[in-house]
Amino acid sequence: MCIRDRVKQGLSYYPPGSLGLVSAEDIANIVLKIMNESIWNQQFLVNAETWTYKEFLNAIAKGLNTPGINKEASLFAAKSLSFIELFASVLNNKQRLITQETIQSSFTKFKYDYFATSQTLNYNYQDIKNLIEEITALG
């Protein structure tokens, strides 16, 4: 199940961390640009914007005309849910969605700097807010 579907069904909590966002089209365009310009032995951080999970999930909720998510999840609740899901995954023979790694990642506040990539490659990323509005308008 994708994030859009989960938000549409209704989420009660969001993790307090942040995430980097970039469109698949931007990634493809940057890879092509690097290949066409014969850029070698350089590393690029491809990230259009950094949002909190609250901002991200509420932007999706707004686009789907569903209620926003206003409660921050606690670390204790996330770890408890992970423990319960562990037993459920063993009983149902299904892959876990909530692991210690996903909890750690979703509770960490990242700040990605995309300036070097956009400067070096002279590339302007797509606006994430507009992209989310387009995607959620599809249904």
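**Entry 1: ground rules**

For my notes, a residue is buried under 20% relative accessible area, exposed over 50%, and partly exposed in between. I'm working from a predicted model.

**Entry 2: the whole chain**

I began with the overall layout. The chain has seven helices and four strands. Going along the sequence, I noted the pattern α-β-β-α-β-α-β-α-α-α-α. Next I looked up the dimensions: the C-alpha atoms fill a box of roughly 50 × 35 × 25 Å along the principal axes.

How much of the chain is buried? Of its 139 residues, 31% count as buried. The chain exposes about 9700 Å², and carbon and sulfur atoms supply 56% of that area. I also checked how far apart in sequence the contacting residues are. Taking contacts between residues at least 6 apart, 82% join residues at least 24 apart.

**Entry 3: salt bridges**

Side chains of opposite charge can pair when their charged atoms come close. How many salt bridges does a search of the whole structure find? My search turned up two.

One joins the side chains of Asp-5 and Arg-4, with N to O at 3.3 Å. Asp-5 has a relative accessible area of 28%, so I put it down as partly exposed. Arg-4 also gets the partly exposed label because its relative accessible area is 28%.

Lys-33 and Glu-37 form a salt bridge too, and their closest N and O atoms are 3.5 Å apart. Lys-33 comes in at 23% relative accessibility, so it is partly exposed. Glu-37 is at 41%, and therefore partly exposed as well.

I then listed what Ile-128 touches, skipping residues up to four places away in sequence. The list is Leu-21, Val-22, Ser-23, Ala-48, Glu-49 and Trp-51.

I followed up on Ile-27, which lies in helix H2 (residues 24–36). Its relative accessible area is 39%, so Ile-27 is partly exposed.

**Entry 4: Ser-106**

Is Ser-106 buried or exposed? It is buried, because its relative accessible area of 13% is under the 20% cut-off. I located Ser-106 in helix H5 (residues 100–106). Leaving out its neighbours within four places in sequence, I found Ser-106 in contact with Pro-15, Pro-16, Gly-17 and Tyr-53.

**Entry 5: Asp-113**

Where is Asp-113 found? I traced it to the loop between H5 and helix H6 (115–121). Asp-113 is exposed, because its relative accessible area of 54% is over the 50% cut-off.

I finished with a distance. Asp-113 and Glu-49 are 64 residues apart along the chain, and their C-alpha atoms are separated by 8.6 Å. Glu-49 was already in my notes as one of the residues that Ile-128 touches.

Definitions and conventions: Residues numbered from 1 in each chain as written. Predicted model: local features only at pLDDT ≥ 70, side-chain atom pairs only at ≥ 80, totals over all residues. Heavy atoms only, no water. Salt bridge = Lys/Arg side-chain N within 4 Å of Asp/Glu carboxyl O. Buried < 20%, exposed > 50% of the residue type's maximum accessible area, 1.4 Å probe, protein only. Helix = DSSP H or I, 4+ residues; strand = E, 2+ residues; numbered from the N terminus. Contact = heavy atoms within 4.5 Å. Areas by Shrake-Rupley, 256 points an atom, 1.4 Å probe, with all protein chains shown as cover.
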